Amino acid sequence: VALDLPGHGETTRDERADHDVHFLVERFKAFVCELGLDSSGFHVAGCSLGGKVAGVYSSFYPEQVRSLTLLCPFGIEMPTKSPLARQYFETDERVANCLLPETSHEMRNLLGLALHRVPSFPDHLLNRLVHNRRPSYPFFTKMTDQLLSPSNRYLLEERLDFIRC
């Protein structure tokens, strides 16, 4: 079973709600309980933010998780930062130009920072992507600010010793 975290995929984007790691872990817990997996144990995998949520969940509820697979999990200090992390954390660009592109050029730059090999996309397709994402920018800004706050940024790393699977 795969799920989209709140604000991702086709889920709603409620900019009034909190979207810090604890909120996302509790939402994941509700999902697990609804499926009845909390009593039988399950295998969990997550990538990027999903990896952070999966890892933090596993640290709080180790008796429920049989195995854990983390793919490039967000929330661990990297000895060598990715180009995207360097631009976000080490420049003044921050969210405005880095994660919330306003033009096809900025979207191409974001893809170049996030992907090892960037497929060739025509400008009109990138412009449509920017246009479709723009209404969600207030949500993405709030979510990013919460997830990167000092109490949330490296929470997975702080909880690694509590993972028991």
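Me: Is Ser48 buried or exposed, or partly exposed, and how is that decided?
Reply: Buried means under 20% relative accessible area, exposed over 50%, and partly exposed in between, with a 1.4 Å probe and protein chains only. Ser48 has 37% relative accessibility and therefore counts as partly exposed. This is a predicted model, in which local features need pLDDT of at least 70 and side-chain atom pairs count only at pLDDT 80 or more, while totals for chains, interfaces and linings use all residues. Residues are numbered from 1 along each chain as its sequence is written, and side-chain values use heavy atoms, with hydrogens and water left out.

Me: Where is Ser48 found, and what is its phi?
Reply: Helices (H or I, at least four residues) and strands (E, at least two) are DSSP runs, numbered from the N terminus. Ser48 lies in the loop that links β1 (42-47) to α3 (49-60). Its phi is positive, about 60 degrees, although Ser48 is not a glycine. Cys72, also not a glycine, has a positive phi near 50 degrees. Cys72 sits in the loop between β2 (65-71) and α4 (83-90), and its 67% relative accessibility is why it counts as exposed.

Me: How many disulfides does the structure hold?
Reply: A disulfide is a covalent bond between the sulfur atoms of two cysteines. The criterion is a pair of cysteine sulfur atoms within 2.5 Å. The structure holds zero disulfides. For Cys47, the nearest cysteine sulfur belongs to Cys72 and is 5.6 Å away. For Cys165, the nearest is that of Cys33, 17 Å away. Cys47 has a relative accessible area of 47% and is partly exposed; Cys165, at 44% relative accessibility, is also partly exposed.

Me: Which residues is Gly7 in contact with, leaving aside its neighbours within four places in sequence?
Reply: Contact means heavy atoms within 4.5 Å. With those neighbours left aside, Gly7 contacts Thr12, Arg13, Phe139 and Phe140. Gly7 and Phe140 are 133 residues apart in sequence, yet their C-alpha atoms are 8.0 Å apart in space. Gly7 belongs to the segment before α1 (21-35) and, at 2% relative accessibility, counts as buried.

Me: What does Val21 touch, not counting residues up to four places away in sequence?
Reply: Val21 touches Lys52, Val56, Leu147, Asn152 and Leu155. Val21 is placed in helix α1 and counts as buried, at 0% relative accessibility. From Val21 to Gly75 the C-alpha distance is 9.8 Å, across 54 residues of sequence.

Me: What pattern does the protein chain follow along the sequence?
Reply: The pattern is α-α-β-α-β-α-α-α-α-α-α, from nine helices and two strands. Among contacts between residues at least 6 apart in sequence, 63% join residues at least 24 apart. Of the 165 residues, 36% count as buried.

Me: What is the radius of gyration of the protein chain, and what would a compact globule have?
Reply: The radius is taken over C-alpha atoms, and the globule rule is 2.2 Å times the number of residues to the power 0.38. For 165 residues, a compact globule would have a radius near 15 Å; the protein chain has 17 Å, which agrees. Along its principal axes, the C-alpha trace spans about 50 × 35 × 30 Å.
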